[in-house]
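The report below describes helix packing, aromatic pairs and overall layout, in that order.

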Amino acid sequence: QICNQHNAEAPNLEQAFHRMAQAEPNLDHDISWFLLPSYWAKMLVALISFLCFANSYDGDFVFDDSEAIINNKDLRAETPLGDLWHHDFWGSKLSSNTSHKSYRPLTVLTFRINYLFAGGFYPVGFHVVNIVLHCTISVLMVDVFSILLGGLQFSNKGRRLNLAPKTSLLAALLFAVHPVHTECVAGIVGRADLLCALFFLLSFLGYCKAFRESKEGHNFSIFWVLVSVILGAIAMLCKEQGITILGLNAVFDALVINKLNVLELIQKLLHKDKSLENAGLLRKGLLFRITLLMSGGVSILYIRWRIMGTGPPAFTEVDNPASFADSLFVRAINYNYYYSLNAWLLLCPWWLCFDWSMGCIPLIKSVGDWRIIALAALWFCLIGLICQALCSEDSHKRRILTLGLGFLIIPFLPASNLFFRVGFVIAERVIYLPSIGYCILFTYGFSLLSKQAKKKKILAVAVLGILLTNVMRCALRSSQWRSEEQLFRSALSVCPLNAKVHYNVGKNLADKGNQSAAIKYYREAVRLNPKYVHAMNNLGNILKERNELQEAEELLSLAVQIQPDFAAAWMNLGIVQNSLRRFEEAEQSYWTAIKHRKKYPDCYYNLGRLYADLNRHIDALNAWRNATVLKPEHSLAWNNMIILLDNTGNLAQAEAVGREALELIPNDHSLMFSLANVLGKSQKYKESEALFLKAIKANPNAASYHGNLAVLYHRWGNLDLAKKHYEVSLKLDPMAPGTKENYNLLRRKLEQLQKKGG
């Protein structure tokens with residue numbers, strides 16, 4: 001809706017409201033709510049949104065943050081910036097069969113900037129950026145909701161008027177404090193959704209600017225339409241949902257700018273009425289602008305398709321079981337059930353979970369399942385809203401309901417499974433943008449209730465209570481996202497049937513050294529999902545460390561039987577077989593692991609240990625050399641090479657390998673220790689002493705370091721220092737092999753010297 005208001009600057013806002021009321025109803029008129037100047041309204045929204053998530057600022061890297069940030073080589077300075085444009089969100093090549101095809105280079109670029117400014121993987125900076133982004137988005141929502149709820153009008157000086165300051169503030173507050181946003185804000189990986197939303201909103205506001213000036217024969221700016229398309233492309237490069245803003249801009253143009261009556265247009269098309277000009281299809285350049293938006297969208301999608309390749313992402317049944325159902329009926333029923341659960345999370349965001357896959361939501365397989373009621377309720381509400389949006393005689397009502405439904409549904413379409421399979425059942429992060437539509441519908445419903453209610457203040461207090469409850473829920477939920485332990489345990493009550501929840505709790509406990517508790521959760525994960533190979537692998541690892549080799553072998557053998565290309569399970573199976581002294585089987589398992597993962601330094605390291613046990617020294621050295629080629633900082637492989645060469649009398653080779661290793665890993669005290677031993681045997685006492693002392697400085701409580709330095713001094717003839725370090729070694733480890741005997745030899749020698757001296 002465009003008009004020139006000659007006297008509608010900020011001081012004359014009441015006049016602007018009066019003129020608007022003549023054209024259509026004003027939502028603000030009937031509600032009892034705060035009326036604040038625009039600046040203070042935005043400050044309030046920013047403050048409240050900050051308070052909701054402020055306690056997540058010093059949280060850890062949790063859940064997907066490990067893969068997307070810590071293990072993502074694209075964040076490191078040594079990775080060329082150009083690689084970001086050929087890799088997916090997780091750092092894998094888009095051409096790889098294992099790539100999820102999530103192409104978000106601009107989001108990864110912001111992670112990289114965070115990493116460079118912080119000087120490493122320090123999560124505070126990452127969290128602060130997320131909080132600031134959400135606050136910024138929430139502030140922008142004040143402007144967006146003022147347009148969506150109050151219409152688009154400008155003063156004669158081109159200044160946009162906020163014709164619904166109360167309702168736009170309420171809607172923005174609802175958005176800012178919605179608990180379902182916690183995953184996006186408190187989880188660093190949610191940066192993709194935040195950046196996407198930021199440019200999504202900027203694209204919408206840019207499109208609105210195209211209608212700032214109204215001139216004879218030219219009532220829109222092509223420049224701002226093109227800027228809107230570019231901002232939509234940027235949004236898509238942050239996350240795939242961003243492209244949907246182009247469709248929403250077209251819907252907004254048709255409904256608000258051209259006041260198109262959708263039902264009337266459909267009727268004219270069905271009756272082949274040629275008077276489409278009167279229906280508003282060609283009025284004010286609508287067709288031309290939609291053509292620009294469509295051309296831009298198609299071009300963006302084509303370029304993206306060319307970059308990421310034609311192959312679909314590879315997901316497994318546990319990621320999205322409904323999409324693997326043979327029956328079209330089962331797929332359709334379950335997809336719709338997922339939609340109803342997403343809607344419920346918007347209405348009642350109390351049961352939140354970091355992961356909804358792996359049995360969290362059992363499939364509906366028959367119409368006798370009581371959960372069908374949820375589908376019926378969803379479609380009853382949607383059909384009712386759609387009918388009102390199309391058939392209501394109130395044009396204002398039609399416009400708001402259609403925009404609310406558009407912003408609710410269109411951004412959700414990429415996650416709906418309608419066009420392609422997605423890798424999740426429910427993901428709270430994908431509701432970030434659709435919640436805009438929910439806030440529009442909620443606010444409009446509140447205004448209608450206020451209009452009918454006699455005690456408007458009671459209704460306002462109820463809404464205020466909802467806002468305060470959501471603020472507290474956000475604070476509680478963001479505190480749960482501060483650490484993996486809290487996050488994973490919070491999911492046990494929400495999704496007790498989710499094998500991945502039990503797996504993650506078990507993994508977290510295992511990382512903290514609580515193996516007994518970890519075993520319990522890993523067993524439960526395998527019970528809930530008997531094909532959960534990662535749980536089998538981790539459980540097998542713990543049992544192997546506890547020397548329960550028989551069960552460990554059974555679990556790992558089952559894991560590779562279920563997933564024959566599971567390289568880590570093959571390697572761990574090889575370690576167990578090696579421990580059981582079944583060397584040929586172990587060797588075969590190691591080579592199978594390497595076959596499925598060509599660049600596998602840890603497997604080459606374990607293969608080298610096997611060859612060393614079999615006295616196949618050349619093969620062992622070659623395996624360890626391969627490990628260090630693939631991973632130059634593989635300290636254990638370097639150490640084993642030095643020790644093997646030392647033990648076989650190849651001191652010159654051992655020294656060369658040791659020096660090479662220390663050039664690559666100069667601060668590794670275990671390498672200093674091994675090389676110091678070699679230099680001592682080569683009678684390079686001074687250099688050996690320096691390395692021993694450096695190793696002891698780095699790790700002063702290693703008894704063997706003091707013991708071997710004492711042996712060096714003993715050989716060198718520096719008996720007092722030898723005595724001192726023998727004593728330190730024995731104090732640290734009284735049972736240190738050989739140290740006590742050497743110390744006794746030294747004492748006898750010192751006694752003999754004293755007698756001779758006497």
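## Packing of α10 against α16

Helix α10 (residues 244-257) packs with α16 at an angle of about 175°, their axes lying 10 Å apart, where axes are lines fitted to C-alpha atoms, for helices over the stretch in contact, and angles run from 0 to 180 degrees between N-to-C directions. The two helices, α10 and α16, are therefore roughly antiparallel to each other, since angles under 35 degrees count as roughly parallel, over 145 as roughly antiparallel, 65 to 115 as roughly perpendicular and the rest as oblique. From α10 the contact draws on Leu248, Val251, Phe252, Leu255 and Val256, and from α16 on Arg399, Thr402, Leu403, Gly406 and Phe407, contact meaning heavy atoms within 4.5 Å.

By class, the contact of α10 with α16 comprises 7 nonpolar, 2 polar and 1 charged residues (Ala, Val, Leu, Ile, Met, Phe, Trp, Tyr, Cys and Pro count as nonpolar, Asp, Glu, Lys and Arg as charged, and the others, Gly among them, as polar).

## Basis of the model

This is a predicted model, in which local features need pLDDT of at least 70 and side-chain atom pairs count only at pLDDT 80 or more, while totals for chains, interfaces and linings use all residues. Residues are numbered from 1 along each chain as its sequence is written, and side-chain values use heavy atoms, with hydrogens and water left out.

## Aromatic pairs and charges over rings

Rings of Phe, Tyr and Trp (its six-membered ring) pair if their centres lie within 6.5 Å, and planes under 30 degrees apart count as stacked, over 60 as edge-to-face and the rest as tilted; by this rule there are 28 aromatic pairs. One of them joins Tyr39 and Trp40 edge-to-face, at 5.6 Å centre to centre with 80° between the planes. Tyr39 is exposed at a relative accessible area of 54%, and Trp40 is exposed at 53% (buried means under 20% relative accessible area, exposed over 50%, partly exposed in between, with a 1.4 Å probe and protein chains only).

The ring centres of Phe204 and Phe407 are 5.9 Å apart and their planes stand at 90°, so this pair is edge-to-face. It links distant parts of the chain, with Phe204 in helix α8 (residues 191-209) and Phe407 in helix α16 (residues 395-409), 203 residues apart. Phe204 counts as buried at 1% relative accessibility, and Phe407 is buried with a relative accessible area of 1%.

The charged end of Arg421 sits over the ring of Phe324, 3.8 Å from its centre (NZ of Lys or CZ of Arg within 6 Å of the ring centre and within 35 degrees of the ring normal).

## Overall layout

The protein chain has 34 helices and 2 strands, taken as DSSP runs numbered from the N terminus (helices H or I, at least four residues; strands E, at least two). Of its 758 residues, 53% count as buried.
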